[in-house]
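Please look over the sequence and the structure shown here before reading on.

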Number of protein chains: 2
Amino acid sequence: MSNLPSVVDIAEEGPREGFQIEKGAISTADKIALIDALSRTGVKRIQVASLVNPKLVPSWADADAVIAGFTPAPGVAYTALWFNERGLERALAFRDRLTLKGSISLSASEAFCRKNLNRDRAGQTEAMRGQTERHLAAGVPVTRIGVMAAFGCNYSGDVSPANVLATIQDGLAIAAEAGVTIRDLSLADTMGWATPARVERVVSEVRGRWPELVISLHLHDTRGLGIANAFEGLRLGVARFDAAVGGLGGCPFAGQPGAPGNIATEELVLLCEEMGIATGIDLEALIEAGRLAERIVGRQLPSAALRAGTLTAFRQNAA
Amino acid sequence: MSNLPSVVDIAEEGPREGFQIEKGAISTADKIALIDALSRTGVKRIQVASLVNPKLVPSWADADAVIAGFTPAPGVAYTALWFNERGLERALAFRDRLTLKGSISLSASEAFCRKNLNRDRAGQTEAMRGQTERHLAAGVPVTRIGVMAAFGCNYSGDVSPANVLATIQDGLAIAAEAGVTIRDLSLADTMGWATPARVERVVSEVRGRWPELVISLHLHDTRGLGIANAFEGLRLGVARFDAAVGGLGGCPFAGQPGAPGNIATEELVLLCEEMGIATGIDLEALIEAGRLAERIVGRQLPSAALRAGTLTAFRQNAA
């Protein structure tokens, strides 16, 4: 079936994406419990916290305590997210617990950049130039470009592949100036505009131009097409994905209250494993972690696979 | 992008699939209101009721009143479901309102047949032979074979494509005996076992053997892979699908409480329309009908597209 990879690398973003958007306060102990449960699933990368201004995002005021508190498992890389110098400083204090990597994050939509980051495109490029310098000065490698709104935008509508290419070009220019080589490219469907056709077009055009870049997809299931988009990525040979256990998280963007955020990790794992693509993740353990996440946030999460479970028990009963 | 069709034909099964599984009583007026709302969406086929034994399925005790009560729209075919002679008789009373077609319904899994229909495979074949005769005697055309459990089974595990082919062969033998020609083949993922890889394999093998059959897919979103499976169908050129507005319905089979049933019509329409495949359906009107369905059943339906809406308003605001 086309270029399906034999192995995929799934980065779990549930804790960071999920707890930020929940209405009720989540205790530090619960956040740590979920991270520890995820550490037992076989997932290789977990984004554990957002090192943002506690005045702006009170739900992550305990980010440092969460990072200090979870139990690292061997072979698992733990990451955090930050947007500015203060965030970087906080991250540097956890060099022993976190895998620190810098990313050049740009938006393919200028309108999204203005609304979400309060900067125009030039301003964001400038900010990323400065951040890249600070990362390198602190000994944090910068090997990745992240493109937000790569498939469409609630504020400016369709985003052309040409805009995505220009955005990557901007990121590569920042990297070249700083003397670093970019290996990883994340294409994010920040507002749920992707279709398999758009995924195919953008991935093909990016590869045609920069075959050396390793593409990862950050897909949202805002309109229910997330897993179909992931499948199209797999079909094209994409082998890196972000996902969130249970479909934790949501879509904070205009007009979409209650819409799901990231694709659910267990649906992606089920899709892969049932098609013979190895994820290294124990789906039963992952579903257990998803049930814990549901208990913690106190609401039903959008993942269907969380409710229906794996096919394993059915196969065993049939045997 | 491969063999994507330019037009698809979507059969709306929300009323029939959905109201049967809801716990609370749904009034006849509400059932009719949803059918009438769906008639205004541009959908061409609506399955409006299940003509089953009211002692076994009390929620469809009012099927005759529903069929008598909705307002037929020009160009829309209304269908109903029945399983026996008594159901056929009730359907025949509505020849002026319903499009009556007989189907030879068989299961690719013998275990499912026994559990769900209380018959072994031979018994089901015999029952379909009798039903086909009665249909033809009543002037109801029989041009379709439906294969249940075509991608896997909660009671017997994986279902091989060879089993699907043998089941179709059984159906064709019944048709040949009765002197009718089968044109339509429905492959149903009754218990949510399909993956895109299984869809590709089964569709390809069936086509290889009977290229003249027009395949439709009846997909369930039990584990969140339904829209990815529909996309794979589209990629293979399949142009007929069943779906249920809002993802109405559910999965009555062992071990899956709360799991979604049919794929949500609006997610399928969004997938198609955003990739340039015409459905003839007004997605905004369909989402309105889905919201009505949610009010009627009094619970949140699983469709993400129902919550997030179309991209139209975002595009208009951007323009």
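Chain A has 13 helices and 8 strands, where helices (H or I, at least four residues) and strands (E, at least two) are DSSP runs numbered from the N terminus. The model is predicted, and local features need pLDDT of at least 70, side-chain atom pairs count only at pLDDT 80 or more, while totals for chains, interfaces and linings use all residues. Residues are numbered from 1 along each chain as its sequence is written, and chains are lettered from A and ligands numbered from 1 in the order in which they are written.

**Overall form of chain A**
- The C-alpha trace of chain A spans about 60 × 45 × 40 Å along its principal axes.
- Of the 319 residues of chain A, 53% count as buried, a term that requires 20 or more other C-beta atoms within 10 Å of the residue's own, with C-beta atoms placed from the backbone.
- Among the contacts in chain A with a separation of 6 or more, 74% come from residues 24 or more positions apart, a contact being two residues whose C-beta atoms, placed from the backbone, lie within 7 Å.

**How the two chains meet**
- In chain B, 43 residues are in contact with 43 residues of chain A.
- Helices H8 (196-209), H9 (226-235), H10 (265-274), H12 (304-308) and H13 (312-318) of chain B each supply at least two residues of the side that touches chain A.
- Because 100% of the interface residues of chain B are also interface residues in chain A, the copies meet through the same surface.

**Symmetry**
- Chain B is superposed on chain A by a rotation of 180° with 0.0 Å of shift along its axis (RMSD 0.0 Å), using least squares on the C-alpha atoms of residues with pLDDT of at least 70 in both.
- The two copies are thus related as by a two-fold rotation axis.
- B:Ala228 is the residue of chain B that comes closest to the rotation axis, with its C-alpha at 1.9 Å.

**Strands around E2 of chain B**
- Strand E2 (residues 45-51) of chain B is mostly covered, since 6 of its 7 residues are buried.
- Strand E1 (residues 9-12) of chain B pairs with E2(B) in the parallel sense over 2 bridges, pairing being defined as at least two bridges found by DSSP, and B:Arg45 in E2(B) is the bridge partner of B:Ala11.
- Strand E3 (residues 77-82) of chain B runs parallel to E2(B) and is joined to E2(B) by 6 bridges, with B:Leu81 in E3(B) standing opposite B:Ser50.

Notes
Buried ≥ 20, exposed ≤ 12 C-beta atoms within 10 Å, placed from the backbone.
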